[in-house]
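These are my notebook entries on one structure.

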Amino acid sequence: MTTGIHHVTSITADVQANVDFYMGFLGLNLVKQTSGFEDAEQLHLFYGAPDGRPGTLVSFMVWEATGRGRTGLGQVSEIAFAVPTDSLGEWMMRAISANIVVEGPIKEFGEPVLRLKDPDGLIIKLVASEAALGSGSVTAPCHIRGVTILSDRAEETSHFLSYFGYEISRTEGSMTRLKSDTDVVDVHSVTGFVPSVKGAGVPDHVAFRAPDTPSLNHLRDRLKDHVPTMVRDLQYFSSFYVRDSSGLSIECATDLPGMTVNEPEEQLGLALQFPPEVMFFLTDGLRIKIPQFSRPGEMRGPKRDLPFVHRFYWPEDPDGSTIVLLHGPSGDEADLMPLAHRINPRAALLGVRARATEEGNLRWFRRLGEGEFDQKDIRSEAAAFNAFLAGAIRGYALETDRLMLLGYSNGADMIGAMARLYPDSVKQAVMIRPTAVLSGEVSPEAGKGRLLVLSGSDDNLAPQQDSETLKTVLEAHGHQVDHQILSAGHWMVDADEVAIRAWLTA
């Protein structure tokens, strides 16, 4: 039976940079963009040959703005692609022209190799191989040549890989090369390394091929002492996971049914797909929360380096308005996008991620205790957010008179503080379940904002009297405030959307 690598899956923190590198620089085809099977709000991209065949595929789970991972023991450290033997010079010039640092060529196991890094820091090798198809011009890598694995139990790892059709070929120093029918795995024997940590630039797993489900089940039976997972149908292939003694995560996946199971070959990767179980509750809100990107050559807006992590959602027919979104505790920049899109389907949505943390949850400013807020941190983060707004308006050419802030809970609290510290920056805003958190001196400038405060009649976290206090101080500052009390607790309800719509059209 055919053996070898099915695909390699890694993590990216910047979907646009990832697309630009793997499609734009390497020239691979985007053959599938899909919602994740474990997390329906996560984008998962597959690149490879135009037909999406196993052995050419690399995939990326998109964790926007996540931290860099740590490559360590029990982990794939490099992905190698095969290129024609006479193309390395062209690839080197292509990398230099793209401002990509490239090392080599050097010889590894007799093959000339160029080594470079993708935008997340993942090491990519271009290996001159006689097995590579093509004329020698720089178009795209032909297939995955192999992977490098870091192991402090190299002999055990090499033996474990024999289950997947690999045999030891030769050794160079601390590196042992194993071969399958189609590719290689280099096991790098290392000691003193720390374990790997998930994050951007670090592969999550390598997947090896099984031709069909009976072969997959047979292999799983052989590995039963290694506690493999159950076989799952992942729409494009069936697979199970298992770990070797070094901690290496291995998936074994079937060749069939393949990437064309729900898209014809000529349309692979053009449309966002969802797992079958997600289709039962698929909504426009879910689509909107998944990051957008542009293919090389397509029109795109600029990406600005600003004080806060942020993400845009651009509608197909924008009306020039922008809604800036400040999420609640434990949320993120995409949380309020579905609500904002329902309020105005033609508005650009700018979701912003808070920077403070409390027990792993994101907040807009620190608390010193229950109901006790860090005033210094409020002012510091408000100043940073005000600078962010100014930078976003300039950098993205936003229309200030068509910009609205929308915040929930802690995000609404930040808007209330902004309205008193930087009143000119808050011209129109909706605050859902806010409290009055700011004390001390505020800006002497009078505010002219039009503000909506939505309280819950049964809200124990942001009681009505706190919202009334906030309304009083905001009106004293010159803002026009409409305070509405809804039949709700602290969580948002359908009545919030109804109230916002009515307020916007009043």
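Entry 1. I began with strands β9 (residues 143-151) and β12 (residues 184-189), which pair in the parallel sense over six bridges. I took helices (H or I, at least four residues) and strands (E, at least two) as DSSP runs numbered from the N terminus, and I counted two strands as paired if DSSP finds at least two bridges between them. Val147 has Val185 in β12 as its bridge partner.

The model is predicted, so I noted its limits: local features need pLDDT of at least 70, side-chain atom pairs count only at pLDDT 80 or more, and totals for chains, interfaces and linings use all residues. Residues are numbered from 1 along each chain as its sequence is written, and side-chain values use heavy atoms, with hydrogens and water left out.

Entry 2. I then placed this pair in its sheet. The sheet is open, has eight strands in the order β6-β7-β8-β5-β9-β12-β11-β10, and shows mixed pairing. At its edges stand β6 (102-108) and β10 (167-172), each with a single partner strand, so one side of each has no neighbour in the sheet.

Entry 3. Which strand is largely enclosed by the rest of the structure? I found that this holds for β4 (residues 57-62), because six of its six residues are buried; buried means under 20% relative accessible area, exposed over 50%, and partly exposed in between (1.4 Å probe, protein chains only). Leu57, Ser59 and Met61 point one way from β4, while Val58, Phe60 and Val62 point the other way.

I also looked up the partners of β4. Strand β1 (residues 5-12) pairs with β4 in the parallel sense over six bridges, and Ile11 has Met61 as its bridge partner. Strand β3 (residues 43-48) runs antiparallel to β4 and is joined to it by four bridges; Phe46 stands opposite Ser59.

Entry 4. I turned to strand β20 (residues 348-352), where five of five residues are buried. Ala348, Leu350 and Val352 lie on one side, and Leu349 and Gly351 on the other. Strand β18 (residues 310-313) runs antiparallel to β20, with four bridges between them, whereas strand β19 (residues 322-326) pairs with β20 in the parallel sense over five bridges. Leu349 is the bridge partner of Tyr313 and also of Ile323.

Entry 5. Lastly, I looked up what Tyr47 touches (contact means heavy atoms within 4.5 Å). Leaving aside residues up to four places away in sequence, its contacts include Tyr22, Leu57, Val58 and Phe60.
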